[in-house]
Amino acid sequence: MPTSDEVFEKVQETLVDALGVDDDEVTRAATLVGDLGAESIDFLDIVFRLEKNFDIKIPRGELFPENIAAADTDFVQDGVVTEKGISELRERMPHADVESFAADPKVENIQELFTVDMICKFLESKLAE
Amino acid sequence: MRWFWVDRFLEFESGAYAKAVKNVSLAEDHMHDHFPGFAVMPGSLIIEGIAQTGGILLGESTGFAHIVVLAKVPRMRFHSWACPGDTLVYSVTLTDARQEGGTVEATAYVGDRLVAEGEILFAHADQMGAELPATFDQRNFMFDAGLLDILEVGRAGDGTVEMAPSSEVSPAS
């Protein structure tokens with residue numbers, strides 16, 4: 001079982017390769033889209049690389065759930081994620097900081113749930129299985 | 001002009017490896033602008049050739065069940081250039097293939113001179129929730145465009161023509 005720091009270092013390396021960023025940009029708090037400039041296709045690349053680097057299988061949609069906002073019309077109203085949507089996020093993304101998001105649950109803020117720290121936490125629980 | 005950026009496959013090992021050639025010609029229009037007085041094959045078209053080689057390698061591995069699109073070029077380094085008269089040899093290894101797409105590692109050589117090396121990521125567009133016309137079908141595309149002909153391997157070698165994808169893949173018309 002790698003330590004939390006070892007997991008972070010490997011995630012850092014992975015994101016440097018996938019996104020062409022410098023390693024000092026990849027902090028735990030960095031958001032993939034906002035801070036590291038990831039685009040939709042990069043998420044696929046990141047999953048491929050994590051699987052290879054950590055020698056694990058990540059089922060589709062497990063790390064980066066797809067189309068949460070579009071999944072159910074009850075999840076979003078007037079550009080804001082509803083209580084129902086937030087509880088769906090809690091369930092689907094147990095490694096993300098959903099509580100901070102809930103303070104300002106605008107749809108466009110969903111992407112801020114995808115942080116380096118979320119990936120690390122996801123991997124730590126995955127590796128502990 | 002047709003959007004074929006490889007002329008022929010030299011080797012094709014299903015699901016693993018492919019090698020294709022591109023003969024660079026002064027008859028190609030863009031050579032006269034790229035650059036006036038110094039004709040070199042644009043790097044973007046070398047990437048396209050590598051992607052066609054790799055895309056067909058990935059597509060064939062599922063019997064062309066998916067719509068393979070070039071999604072991303074995570075890394076491509078150019079060390080040299082290719083001029084009219086040069087024969088580029090693209091060698092592509094499939095490093096990952098799955099439901100959502102795949103990746104290849106590739107090199108481009110002219111003789112023993114390394115021209116480019118890198119990595120390409122492909123996505124299966126039909127798996128990405130992309131909006132595609134209902135009639136768009138990779139299998140049809142491969143057959144209608146006559147693209148399978150470039151998969152005929154071995155013409156220049158011992159003369160034996162070996163079709164890489166098996167004939168049981170029939171065009172769904």
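Predicted model: local features only at pLDDT ≥ 70, side-chain atom pairs only at ≥ 80, totals over all residues.
User: How far apart are the end C-alpha atoms of H1(A), and what span should its residues give?
Analyst: The ends of H1(A) are 22 Å apart, C-alpha to C-alpha. H1(A) has 16 residues, and at 1.5 Å a residue they should span 22 Å, so the two values agree.

User: Which residues of H1(A) are buried?
Analyst: Val7(A), Phe8(A), Val11(A), Gln12(A), Thr14(A), Leu15(A) and Ala18(A).

User: Where do those buried residues fall, seen down the axis of H1(A)?
Analyst: Within an arc of 170 degrees, so the buried residues line one face of H1(A).

User: And what does the face turned away from the buried side carry?
Analyst: Asp5(A) and Glu6(A) sit on that face of H1(A), and both are exposed.

User: What do the buried residues of H1(A) pack against?
Analyst: H2 and H6 of chain A, together with S3 of chain B.

User: OK, H6(A) then. Which of its residues are buried?
Analyst: Val116(A), Met118(A), Ile119(A), Cys120(A), Phe122(A) and Leu123(A). Their cover includes H1 (4–19) and H2 (40–54) of chain A.

User: What about the span of H6(A)?
Analyst: H6(A) runs over residues 116–128, 13 residues in all. At 1.5 Å a residue that should give 18 Å. Its end C-alpha atoms are 19 Å apart, which agrees.

User: Switching to the chain contact. How many residues are in contact on each side?
Analyst: 11 residues of chain B contact 8 residues of chain A.

User: Which elements of chain B give two or more residues there?
Analyst: Strands S3 (68–78), S5 (101–110) and S6 (113–124) of chain B. S3(B) gives the most, with 3 residues.

User: What classes of residue make up that side of chain B?
Analyst: 4 nonpolar, 4 polar and 3 charged.

User: Last topic. What domains does the assignment give chain A?
Analyst: Domain 1 takes 1–64 + 114–129, and domain 2 takes 66–113. Over C-alpha atoms, the centres of the two domains of chain A are separated by 21 Å.

Technical notes
Residues numbered from 1 in each chain as written. Chains lettered and ligands numbered in written order. Contact = placed C-beta atoms within 7 Å. Helix = DSSP H or I, 4+ residues; strand = E, 2+ residues; numbered from the N terminus. Nonpolar A, V, L, I, M, F, W, Y, C, P; charged D, E, K, R; others polar. Expected span 1.5 Å × (residues − 1). Buried ≥ 20, exposed ≤ 12 C-beta atoms within 10 Å, placed from the backbone. Arc of directions from axis to C-beta. Domains from an automatic or database assignment.
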